[in-house]
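Here is a short report for someone meeting this structure for the first time. Take a look at the chains before reading on.

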Amino acid sequence: MSAPTATTPPIPRSSWLTPRRRKALLTRTVLYLLLAVVAFFFAGPLYILLSTSFKPMSEIQAGGLMALPHAPTAQPWITAWGEACIGITCGGLKGFFGNSMMMAVPAVLISVMIGAINGYALAKWPFPGARFVFAALVAGNFVPFQVVLAPVAVTLRTLGLFGSVQGLILIHVIYGIPITTMLFRNFFLSVPNDLIKAARIDGAGFFWIFFRIVLPLSPSVIVVALILQFTGIWNDFLFAVSFSNPASAPMTVALNNLVNSNFGVKEYNVHMAATVIAAAPTLILYVLLGRYFLRGMTAGAVKG
Amino acid sequence: MIDIRISDCNKSYGTLKVLKNIDLEIERGEFIVLLGPSGCGKSTLLHIVAGLDRLTSGTIEIGGRDVTDVEPKDRDIAMVFQSYALYPTMSVRRNMEFGLRMRGKPLSEIRPLVEEKARMLHIDHLLDRRPSQLSGGQRQRVAIGRALVRDPKVFLFDEPLSNLDAKLRASMRTEIKKLHQSLGTTAIYVTHDQLEAMTLATRMVVMKAGEIQQVGKPEEVYHRPVNLFVADFLGNPGMNFMRGQIRLDGGRVSADVGAAMLPLDGYAFAMPPSDGQAVVVGLRPESVQPATGQAPAGSEPFVLTLKPLLTEHTGSDNLVVLEMGDQEIVGKFPTDPPPKLGEPVTVGFDLSRLSVFDAATERRL
């Protein structure tokens, strides 16, 4: 199409910026500007968080929110981790970080495992009423958590789990199952039925097929479920603040208590360090597994 | 010796009946092909024999044992799927080993078996590859190999060649036939490809809408179809059908198809025809050829002078559309000399190949 014909004079070499190219360049410039603004919007707070967390209080009180620390100090981090007073104890966040880990890791693993098995059963072993079960689970995704607070409180008290990490694990597992089930079920629908049939003829049973054939096909959806569940459970505040006591409180509750304590000078540097500590596990998970996350999210879209 | 007995088998999904009163007995060593248009229930029947689908009523016996409620793995069968259904995360070797491993056979016994079958199918150099690294033909070989290793009582094939291109399909077809001849294992093979059915089957089963239409040797089903559906379904190009009436005239029987009276004296009627009975007379294109002056052995020569309307050159033959009164029939003519359009030619009919159907019941007379 660029070949000049007899009727249209050839475009002079000097004007390389043809209207078409000019338009493309303009689009691109606008696009990158927009991306820069968005990036700044997201990265800005993180920058302030990090730089403030390394400043001594004197620098913070002097103002200059955007400035880098003049005399960087790790003291706020040490205080946040091991010395800050949260409620009546002054042991820093480390205990609560432990609580969060003790809560999130089992809750994530269990809810993902159950979701995977549920999804596999629903997608590949249709039983009478499977559609109803699935519809009920989908509806479960839309139950606002505020609605269930009181019944859950009663249930946990009856089970003797109120105020314990185990109680939180139970609740997070239960409320994680609908979303993980849906995720896995939709993914497993794309696994060919013939594979399951071939394996059944070969002599494999329900769980053999699941572990040996279906799961090895699903690393991407497993990663998606892990990230989704971990972020959700780690960042949960509502259940945490409702059903924990000072000894079993997870990070989110502790961070809130630390930042909102009303006596003494507000130690912004400590608060910032504490915030980064609270956000770190999910950030690290994204950095480590983000590639699989993206792949998993688009995998279903392309295959249909 | 009966190897598989399917008795009064019914299958419905809700109100939809996909199999209706299927009865079929399969002898040991037979190669049975289930043939029919899509949706005729042939795959469902195969899945029921495999145990992958439950039947609504009826019984299935394999090797004299009632397996109606037996799990697929305990039926001593192996199946080859259209989609190959190879386990994507396992190597070819692991794929072939899987069934025997699941049965707890020691690896020291499995290994030589797998290698022997792999050599047999010329896939021994592919054993350490993943299915995704193989071509379609290679994958299907692996799928067949996986079935062979198990040494089952029955092989089930569910349209195994449908995903392959025409040339590969033909060569795999030959190989499956060779395999069956050397192993002699009973096989049930589902296809909608009549060429596969004709070439592979020792007996074929033509199905339509959940019912068996005809069971028989391929040549028998081809030459003596029991009804219009089977006659029409088999053969490419399809059978010629001429509408007409039976004429009984002083002990002689003939069919009046308008442009001609076709003598039916040599025709083996299954039921006695009546005068004036409306019939459809079927004759395959290869039985409509230029007259050579001598009739095929055992039949009277019957010739007509017909006008060619159209020719289709297929490479090996000329398909010639001939005008026959107000009807048209297709003849299979040699390519040389090409018939001249509109110029009448003398055409010989091989009346020993005629099929006569009742126009109302569509059943063979």
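**Confidence**

This is a predicted model. Chain A averages a pLDDT of 88, and 91% of its residues score at least 70. Helix α4 (residues 94-124) of chain A has the highest confidence in that chain, at a mean of 95. Helix α13 (residues 268-303) of chain A has the lowest, at 79. Two stretches of chain A stay under 50. One is residues 1-5, for which the model has 1 contact beyond four places in sequence. Another is residues 300-304, with 4 such contacts. Where pLDDT is low, the predicted coordinates should not be read in detail.

**Where the chains touch**

Chain B brings 17 residues to the contact and chain A brings 13 residues. On the side of chain B that touches chain A, β6 (77-80) and α2 (92-102) of chain B each supply at least two residues. That side of chain B divides into 12 nonpolar, 3 polar and 2 charged residues.

**A sheet in chain B**

Chain B has an open sheet of 4 strands, in the order β2-β1-β4-β5, with antiparallel pairing. Strands β2 (16-27) and β5 (65-66) of chain B stand at the edges. Each has a single partner strand, so one side of each is left without a neighbour in the sheet. Strand β4 (residues 57-62) of chain B is joined to β5(B) by 2 bridges. B:E61 has B:D66 in β5(B) as its bridge partner.

Domain 1 of chain B gives 6 residues to the contact between them, and domain 2 of chain B gives 5 residues. On the domain 1 side, the residues are 3 nonpolar, 2 polar and 1 charged.

**Backbone details**

Most residues other than glycine have a negative phi, and most peptide bonds are trans.

| Residue | Phi | Location |
|---|---|---|
| B:N21 | about 45° | strand β2 of chain B |

B:N21 counts as partly exposed because it has 14 C-beta neighbours inside 10 Å. B:H122 has 12 other C-beta atoms within 10 Å, so it is exposed.

The peptide bond from B:N236 to B:P237 is cis, with omega near 0°. B:P237 sits in the loop between α8 (228-233) and β11 (240-249) of chain B.

Notes: Residues are numbered from 1 along each chain as its sequence is written. Chains are lettered from A and ligands numbered from 1 in the order in which they are written. This is a predicted model: local features need pLDDT of at least 70, side-chain atom pairs count only at pLDDT 80 or more; totals for chains, interfaces and linings use all residues. pLDDT is the predictor's confidence in each residue, from 0 to 100. Two residues are in contact if their C-beta atoms, placed from the backbone, lie within 7 Å. Ala, Val, Leu, Ile, Met, Phe, Trp, Tyr, Cys and Pro count as nonpolar, Asp, Glu, Lys and Arg as charged, and the others, Gly among them, as polar. Two strands pair if DSSP finds at least two bridges between them. A residue is buried if 20 or more other C-beta atoms lie within 10 Å of its own, exposed if 12 or fewer, and partly exposed in between; C-beta atoms are placed from the backbone.
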